[in-house]
Amino acid sequence: MAIAKMSHIRLIGLRRDQNKILDTLTSRGLFEARATDSVPFELESGETRLYRELKAKQGSISFALGFLKSRHAAMSSMLEANKRAASRGLELPIDYTLSDVKYTDARKLITKADFSDAAAREYELTHVCDTLEKLSFELAECSSRMTAIDGMIAAYKPFEPAPVKLSQLNGGGNIIIALYHNRAYNGSLSELDELSCAYELLRGDGAVAVTVARRMHAEEVSKILSAKGFTKCTFDDDCTAAQKIIALSDERTDVKRQIFEITKTALMYEKYVGDLKILYDVIGLDLERAQAEERFLKTDSTFVLEGWLPERVAEQTVGEVGGMCPETFVQLLAPEEKDGPPTLVENNRLVRSYEQITNMYSPPKYREIDPNPVMSVFYFLFFGIMIGDAGYGLVLAVAGLVIGNSKKIDTGIRKLAMLVGMGGISAIVWGIMFGGYFSVDFGETNVALILNPLDKPLLLLVLSIGFGVIQIATGFIIKSVALFKEGKPFSALFDCGSILLLFTALILLAVGMLPSLAPMLGINISFVPPQGLKIAALIFAATGAALILFFGGRNEKNIFGKVVGGFKGLYGLINLLSDLLSYCRLFGLCLASCAIGLAFNSLGAIIMDIPVVGYVVGAVVLAVLHVFNLALGVLSAYVHDARLQFLEFYGKFYEGGGRLFSPIGAKTRYIRYE
């Protein structure tokens, strides 16, 4: 359980063998390409044309999938709208049944045969993408026409009340008929009475004025109405505005029917969704290889390849390449500091579930200690304490382990489920110790093996801080080991050893005070501290403080800096105390979960006292409330447990900043293998 050692592979081969060599290197999913170092002869970098072509193919597939998804949603909306209209007798139901294709982002588990089959059908599937692209153009034209029709209907709508053919307006004779519209006008047109004209004021979408006037008065009528905010109609269709709106509505219905038919035709290709997703990742693999090839240096007949392989498979892989292409020259080199090798963390299945916690913070560097094995133990323990209930733990363990072991679910979700399931096992153990079983109050009967958090909260608080002392001390021990390995024994002694001495003094002091604190903590103890325990504690504390004071500023150049550095080191102990107090969140979350669960049980008991339906309603209410409390507890435990690892634990020894190993073929969007 550690960070895997990597081998830097450098290969010079013939161009004709390039594909075979890449197939061999990538077949196990354990080769990551890297930029080629300079070589003592002149070479050219790879071409980018293939990369652009593959990117275009992948873009076409992505567009096709997006188009099908949008048409599926559009058809669902059309069917729903038509169903509502049909219920009111406005339209006939559409005779169409929507497919059950799911457009989710979850990666589908497939076999190598499925992968190869999709690759072999690339021409057929590319034709499907082209067809869908053409349908999208037709749909865009229909949508554009629909928008134009809606705009025209909106333009004619104000003049709908007027029973006048629009072609009769603004004629060339002595009598001028005109239409005017004002959306917000509520007054009269008495000013027109003084002119030799006839008019009618209609109400519809605002006010519509129909005027009939001699040509000599037409301009004056227009001025009066314009001053009142009226707009003159400029349409000249050989029909009324109402007739025009009916014609446009009929045209809109035809376009709407065309959109339905285009959508219906597009959805005939939903049967290819699964294959298109696989082909997307098939091309994605080719795309990764093309990107890798761009990093190669090439002549007309040879190429230079460099990359990373795990050391455990490097020799065997090189042997396979040499056996297949004997003209190939291969070197396996140890990674240098400047190389920046990637990090491949190899842990057993249980610890692997906790790697995502570390990766959220930052992956470890290649030459750094893998913190996951130690961190997973503390995360496991703390998660269970925060939940603190065996009933809740049983639910989490069953659900988490079932989901975590299901191959139908994506790897990331399975790892999270396993983490929660393991936390459930921890909660079962701590729940038995705390006597927590769905927060049931057992009255005078003591079912707790160690303590009941609600009865002995101070003891739980001491236990939480005690775990904090252990974890922080573990962090300093790991740091001191790393410093010794780096050849810095004085830093290990002065920076880490001094803190460990202070923690030792704290533990000895706590042990010495245990008999006097026992009544306050609610425990019975007949322990008699050894003679000289307090003196030993003072010696350890004084030694640790002296190391910090005299050597805390040892790296400063002048005497003033050295003195100030020592006092700064002592002042920094306040931050260490703050870190210890952070572990009070174990106490707080456990107590809150127990108290909330107990309050919910009391509420459920009150409801169950209601005659006839009390037990049924009470059971339902209790189930809902406990699910809420469990969900709240899991979320809080996940977040606060991670915070303790990131700040209080990793802050003592862990640097991070690594780059995870990313072999060719590992990045897929829609598919996964087992």
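The following legends describe close-up views of a predicted model.

**View 1. Helix H5 and its span.** Helix H5 comprises 13 residues, covering residues 215–227. From the first C-alpha to the last, H5 reaches 19 Å, which is close to the 18 Å expected at 1.5 Å a residue. Gly-229 follows H5 and has a positive phi, near 90 degrees.

**View 2. The buried and exposed faces of helix H5.** The buried residues of H5 are His-217, Ala-218, Val-221, Ser-222 and Leu-225. These residues lie on the same side of H5, because they cover an arc of only 150 degrees around the axis. The face turned away from this buried side carries the exposed residues Met-216, Glu-219, Lys-223 and Ala-227. Among the elements that cover the buried residues of H5 are strand S6 (175–182), strand S7 (197–204) and strand S8 (206–214).

View 3. Of the 9 residues of S8, 7 are buried, so S8 is largely enclosed by the rest of the structure. Strands S6 and S8 run antiparallel and are joined by 8 bridges. His-181 has Val-208 as its bridge partner in S8. Strands S7 and S8 likewise run antiparallel, and 8 bridges join them. Here Glu-200 has Val-210 as its bridge partner in S8.

**View 4. The surroundings of Cys-197.** The structure holds 0 disulfides. For Cys-197, the closest cysteine sulfur is that of Cys-233, at 18 Å. A disulfide requires sulfur atoms within 2.5 Å, and the separation of Cys-197 from Cys-233 is therefore too far for a bond. Cys-197 has a relative accessible area of 17% and is buried, the cut-off for this class being under 20%.

View 5. Cys-584 is in no disulfide. The nearest cysteine sulfur belongs to Cys-590 and is 13 Å away. With a relative accessibility of 23%, Cys-584 counts as partly exposed.

Key. Residues numbered from 1 in each chain as written. Predicted model: local features only at pLDDT ≥ 70, side-chain atom pairs only at ≥ 80, totals over all residues. Heavy atoms only, no water. Helix = DSSP H or I, 4+ residues; strand = E, 2+ residues; numbered from the N terminus. Expected span 1.5 Å × (residues − 1). Buried < 20%, exposed > 50% of the residue type's maximum accessible area, 1.4 Å probe, protein only. Arc of directions from axis to C-beta. Contact = heavy atoms within 4.5 Å. Pairing = 2+ DSSP bridges.
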